[in-house]
Amino acid sequence: MITFNSSEGTLQLQPKLPPNWEGKRLPGSEAFSYSGGLGTLVLQTVEQPEFSLSFYHLQSHRSFSLFSPLLKGWHSVVSLRGRFPLYLFGEEHLLSDGQFLIFHGAGKDEVGITVPPAANLEI
């Protein structure tokens, strides 16, 4: 199980895809999901010695913010589908389809993603 902090409390992601999942699937990834009052959140991760990759698919029923702790080192966030504010070290960045940010994490700060109501995002 994986937990994330959100503006609506802690979200617990179970080690499985939602029933009847029709979204993209990363080959060789581990999948985790949450389904509840906020909507559906699917996290797929690929961990390699040289890099790690996380793919988020969010289908929201209402607006909420999702917070992720940073690991030390270089990170990038890419908006594959959707438009959402990303809060990075207290600054807001608006990411649209195909936009991305590259930044260095100190290992203590958080990245916040504000999910709009009725959104269908891929990050």
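Reader: Is phenylalanine 4 buried or exposed?

Author: In this predicted model, the relative accessibility of phenylalanine 4 is 7%. Buried means under 20% relative accessible area. Phenylalanine 4 therefore counts as buried.

Reader: How is the ring of phenylalanine 4 oriented against that of tyrosine 56?

Author: The two ring centres lie 6.0 Å apart, and the planes stand at 70°. Planes over 60 degrees apart count as edge-to-face. The pair of phenylalanine 4 and tyrosine 56 is therefore edge-to-face.

Reader: How many residues apart are phenylalanine 4 and tyrosine 56?

Author: Phenylalanine 4 belongs to strand E1 and tyrosine 56 to strand E5. Tyrosine 56, at 13% relative accessibility, counts as buried. The pair links distant parts of the chain, its members being 52 residues apart.

Reader: Which parts of the chain does the pair of phenylalanine 89 and phenylalanine 103 tie together?

Author: This aromatic pair is edge-to-face, with 6.2 Å from centre to centre and 85° between the planes. Phenylalanine 89 is partly exposed at 39% relative accessible area, whereas phenylalanine 103 is buried at 6%. Because phenylalanine 89 lies in a loop and phenylalanine 103 in a strand, the parts tied together are the loop between E8 and E9 and strand E10.

Reader: Which strands stand at the edges of the open sheet of 6 strands?

Author: The strand order is E2-E1-E6-E11-E8-E9, with antiparallel pairing. An edge strand here has a single partner, so one of its sides is left without a neighbour in the sheet. The strands in that position are E2 (9-13) and E9 (91-95).

Reader: What is the bridge partner of serine 68 in E11?

Author: E6 and E11 pair in the antiparallel sense over 6 bridges. One of the residues with a bridge partner in E11 is serine 68. Its partner there is valine 111.

Reader: Which element gives the largest share of the lining of the largest pocket?

Author: The largest pocket holds about 1000 Å³ of space and is lined by 34 residues. Elements that give two or more residues to this lining include strand E1 (2-6), strand E5 (52-60) and strand E7 (73-78). The largest share, 6 residues, comes from E7.

Reader: How many charged residues does the lining of the largest pocket have?

Author: Ser52, Ser54, Tyr56, Ser68 and His75 are the lining residues that lie nearest the centre of the largest pocket. By class, the lining has 21 nonpolar and 9 polar residues. The number of charged residues is 4.

Key. Residues are numbered from 1 along each chain as its sequence is written. This is a predicted model: local features need pLDDT of at least 70, side-chain atom pairs count only at pLDDT 80 or more; totals for chains, interfaces and linings use all residues. Side-chain values use heavy atoms; hydrogens and water are left out. On a 1 Å grid over the protein atoms alone, a cavity is a set of points where a 1.4 Å probe fits but cannot get out, and a pocket is an open set with protein on both sides within 12 Å along at least five of seven lines; lining residues have an atom within 4 Å of a point. Grid points are joined across faces, edges and corners, and a volume is the space filled by probe spheres set on the points. Helices (H or I, at least four residues) and strands (E, at least two) are DSSP runs, numbered from the N terminus. Ala, Val, Leu, Ile, Met, Phe, Trp, Tyr, Cys and Pro count as nonpolar, Asp, Glu, Lys and Arg as charged, and the others, Gly among them, as polar. Two strands pair if DSSP finds at least two bridges between them. Rings of Phe, Tyr and Trp (its six-membered ring) pair if their centres lie within 6.5 Å; planes under 30 degrees apart count as stacked, over 60 as edge-to-face and the rest as tilted. Buried means under 20% relative accessible area, exposed over 50%, partly exposed in between (1.4 Å probe, protein chains only).
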